[in-house]
Amino acid sequence: MSSFRILSLDGGGIRGAFTAGFLAEIERRTGRSVAEHFDLLAGTSTGGIIAAALALGEPAEKVEMMYRIRGVSIFTRRQSVKLSLFRRLGLWAVRRKFPDFDSDNLFQPKYNTEPLLEALLEVFGHRTLEQMRHRLVLPSVDLVKGQTVVFKTPHFPGLIRDRDVRVVDAVLATTAAPTYFPCARIAQGTAYIDGGLWANNPAMVAIAEAAKISHECGSLNGVGHADLSDIHMLSVGTGHQPYFISPPTGVRLRIVTHEGTP
């Protein structure tokens, strides 16, 4: 029984540059596209950008350069919205109580979609999910229906729902993080937001899809029925950011034991 190999790429904003750089190094060392080593690619948010590019046959180095060149413009904060007198008075009252309150997020997303869209069009053009060279799944959230959704390539018979969806639109749907980017609209009356709200690590989404492929096709790689023991996965995250609290200068901390003795 041949194994079924999955590449799963986490969300993480600009830290996706690490993921792209890591995969680009693998390609430099092996002399082959990363996607050629896997049977299914899964990516959420920034991981969705990378997974989609690989599924189209683009080199990881191209995606890495997109982050290097376009990262600053994509994550440049948009200008503050002009507020009415009534809203300014309300915010003045809130800031008296919470001086560090970021009011802009109440009225508009932090970043504009246009720089991201321009960068994605450079990589994907107007190609559709049907034109992918490798199987791909991209988690998102359908705001109109109030449910999770996974954009998929037509990788088994009858799976035609998303075949005409542009790759750019599916990627915007998985990257539209609330408060950071506006919701993505693929057609009139639709609205999608970041798949990271439910599957920032898309590993289980990919495993579920592998099980469905096995069920629908009778096998995973055309060699008999498969089970979970035949699935192998490389899951790549974006690192982690440590959190800590520094006590205010000049404050003495007094630790009390459970008996009440200092």
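**The second largest pocket**

Mentor: Sort its lining by class and the second largest pocket has nine nonpolar, two polar and four charged residues (nonpolar is Ala, Val, Leu, Ile, Met, Phe, Trp, Tyr, Cys and Pro; charged is Asp, Glu, Lys and Arg; the others, Gly among them, are polar). Bear in mind that this is a predicted model, where local features need pLDDT of at least 70, side-chain atom pairs count only at pLDDT 80 or more, and totals for chains, interfaces and linings use all residues. Residues are numbered from 1 along each chain as its sequence is written, and side-chain values use heavy atoms, with hydrogens and water left out.

The volume of this second largest pocket is about 170 Å³ (the space filled by probe spheres set on the grid points, which are joined across faces, edges and corners). Of its 15 lining residues, Thr-113, Leu-172, Cys-183, Ala-184 and Arg-185 sit closest to the centre. Helix 6 (113-124) and helix 7 (167-175) each supply at least two lining residues, and helix 6 gives the most, with four (helices are DSSP runs of H or I, at least four residues, numbered from the N terminus).

For context, the largest pocket comes in at about 440 Å³. Its lining takes in 20 residues, with Gly-12, Gly-13, Ile-14, Ser-45 and Phe-75 nearest its centre. There, helix 2 (46-55) and helix 3 (60-74) are the elements giving two or more residues, and helix 3 gives the most, with three. By class, that lining has eleven nonpolar, seven polar and two charged residues.

A pocket here is an open set of points on a 1 Å grid over the protein atoms alone where a 1.4 Å probe fits, with protein on both sides within 12 Å along at least five of seven lines; lining residues have an atom within 4 Å of a point.
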